[in-house]
Amino acid sequence: MTAVELPFPGLAGVPVENGPRDRKAYASDQEVRWCPGCGDYAILAAMQGFLPSLGLRRENIVFVSGIGCSSRFPYYLNTYGMHSIHGRAPAIATGIATAREDLSVWVITGDGDALSIGGNHLIHALRRNVNLKILLFNNRIYGLTKGQYSPTSEAGKITKSTPAGSVDHPFNPVSLALGAEATFVARTIDSDRKHLTSVLAAAAAHRGTALVEIYQNCPIFNDGAFDAVKDNDTRADAIIPLVHGAPIRFGRPGSDGLGTRGVVRAAHGGVEVAVVTDDNVGDLVVHDQGSEDPTLAFALSRLTDVGVLHQAPIGVFRSVIRPTYDDDARRQVAVAAAGEDDLAGALGSLLQGKDTWAVK
């Protein structure tokens with residue numbers, strides 16, 4: 001066995017033993033059961049096609065899900081997996097990743113699962129920087145329980161649970177992740193196989209927690225929520241592509257009587273969209289996903305429409321290196337076991353000190 005080398009440093013410590021190279025090897029014998037047209041099918045196909053590139057044995061890959069339509073994912077992959085508890089997948093995955101350095105750990109969750117009951121587990125996994133990858137399927141609705149509004153549904157959303165319209169202000173998952181000091185944050189789209197696969201690869205290459213929001217269409221309860229970024233007639237003007245080291249520019253000249261658009265610094269301190277001219281082309285913001293300061297990445301995330309989606313940045317917002325929780329925890333255990341410093345003695349004193357007592 002050998003350690004995984006580039007391009008997947010995020011998998012350092014996971015043994016390689018000539019894993020399957022055929023996507024069919026990662027498809028389980030279970031019947032895939034989502035509604036016809038569900039975006040989950042496209043994400044599953046992309047993941048099955050991507051996994052062979054990791055070069056790992058199936059026994060060294062684990063998918064942990066919570067509750068919701070997306071959480072059926074582990075059933076359909078021929079790897080290890082767990083369909084766990086509502087909102088608790090990041091907590092369970094943290095335990096797995098900390099105890100087993102030899103595993104590639106992935107969390108599958110939805111906007112309802114991750115951002116409602118699972119909100120605390122999500123933000124603490126992100127701030128701890130546990131070495132796991134979180135795929136957040138965002139369809140802006142509760143699909144499994146038949147169409148109630150979710151934490152990402154737009155204000156005024158009429159659903160079975162909000163017949164007069166939701167009065168909640170929605171979460172922006174990317175903003176939330178950046179606010180929690182996540183070291184890797186990205187957004188992609190279920191139907192864009194090429195972009196989705198490239199983001200999965202970038203997440204796998206990252207050492208630490210990677211949060212990937214995936215815009216995923218629910219054709220039954222929230223159909224068309226992401227038409228702006230999917231339709232060939234509108235996507236060029238709706239998608240703000242984030243490419244590391246490149247000026248942020250988008251749109252088709254003359255598509256709406258204007259020139260191409262770009263992102264520039266705003267007077268209020270954030271960023272804003274402006275029509276690109278000869279006078280301001282030099283003012284375009286150059287995307288730097290590796291910046292230690294997440295301020296710009298957060299400002300870019302605020303360009304996302306929180307109501308009916310008309311435009312959204314797509315790509316990797318942030319990718320920085322920071323020590324991981326599980327690596328540091330294992331290092332402490334190893335040092336204590338070896339008795340190489342005062343840690344072993346300190347633990348012994350704690351366990352046998354005056355603050356302990358016998359229970360009879």
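Predicted model: local features only at pLDDT ≥ 70, side-chain atom pairs only at ≥ 80, totals over all residues.
Me: Why is Ile-134 called buried?
Reply: Buried means under 20% relative accessible area, exposed means over 50%, and partly exposed is in between (1.4 Å probe, protein chains only). Ile-134 has a relative accessible area of 0%, so it is buried. Ile-134 belongs to strand β6 (residues 133-138).

Me: What makes β5 largely enclosed?
Reply: In strand β5 (residues 104-110), 7 of the 7 residues are buried, so the strand is largely enclosed by the rest of the structure. Ser-104, Trp-106, Ile-108 and Gly-110 point one way, Val-105, Val-107 and Thr-109 point the other way, and all are buried. In a regular strand the side chains alternate between the two faces of the sheet.

Me: How do you know that β5 is paired with β3 and with β6?
Reply: Two strands pair if DSSP finds at least two bridges between them. Strand β3 (residues 61-65) is joined to β5 by 5 bridges and runs parallel to it, with Ile-61 opposite Ser-104. β5 and β6 also pair in the parallel sense, over 5 bridges, and there Gly-110 faces Phe-137. Each count meets the requirement of at least two.

Me: Why are β10 and β12 placed at the edges of their sheet?
Reply: The sheet is open, has 3 strands in the order β10-β11-β12, and pairs them antiparallel. β10 (249-250) and β12 (271-275) each have a single partner strand, so one side of each is left without a neighbour in the sheet. Strand β11 (residues 261-265) is joined to β10 by 2 bridges, and Arg-249 has Gly-262 as its bridge partner.

Me: Why is the contact between Arg-207 and Asp-327 called a salt bridge?
Reply: A salt bridge requires a side-chain nitrogen of Lys or Arg within 4 Å of a carboxyl oxygen of Asp or Glu. The closest N and O atoms of Arg-207 and Asp-327 are 2.8 Å apart, and the contact qualifies. Arg-207 lies in the loop between α6 (193-205) and β8 (210-215) and Asp-327 in helix α10 (residues 325-338), so the pair ties together parts that are 120 residues apart in sequence. Arg-207 counts as buried at 16% relative accessibility, and Asp-327 does as well at 17%.

Me: What makes Arg-330 and Asp-326 another such pair?
Reply: Their side chains meet at 3.2 Å, N to O, a distance that also falls within 4 Å. Both residues lie in helix α10, 4 residues apart, about one turn of the helix. Arg-330 and Asp-326 are buried. A network of salt bridges links Glu-101, Arg-207, Asp-326, Asp-327 and Arg-330.

Me: How do you know that Lys-157 and Glu-154 form a salt bridge?
Reply: The N to O distance is 3.7 Å, again within 4 Å. Lys-157 and Glu-154 are both buried. The whole structure holds 12 salt bridges.

Me: Is Asn-129 buried or exposed?
Reply: At 0% relative accessibility, Asn-129 counts as buried. Asn-129 is in the loop between α4 (119-128) and β6, and its phi is positive, about 65°, although it is not a glycine.

Key
Residues numbered from 1 in each chain as written. Heavy atoms only, no water.
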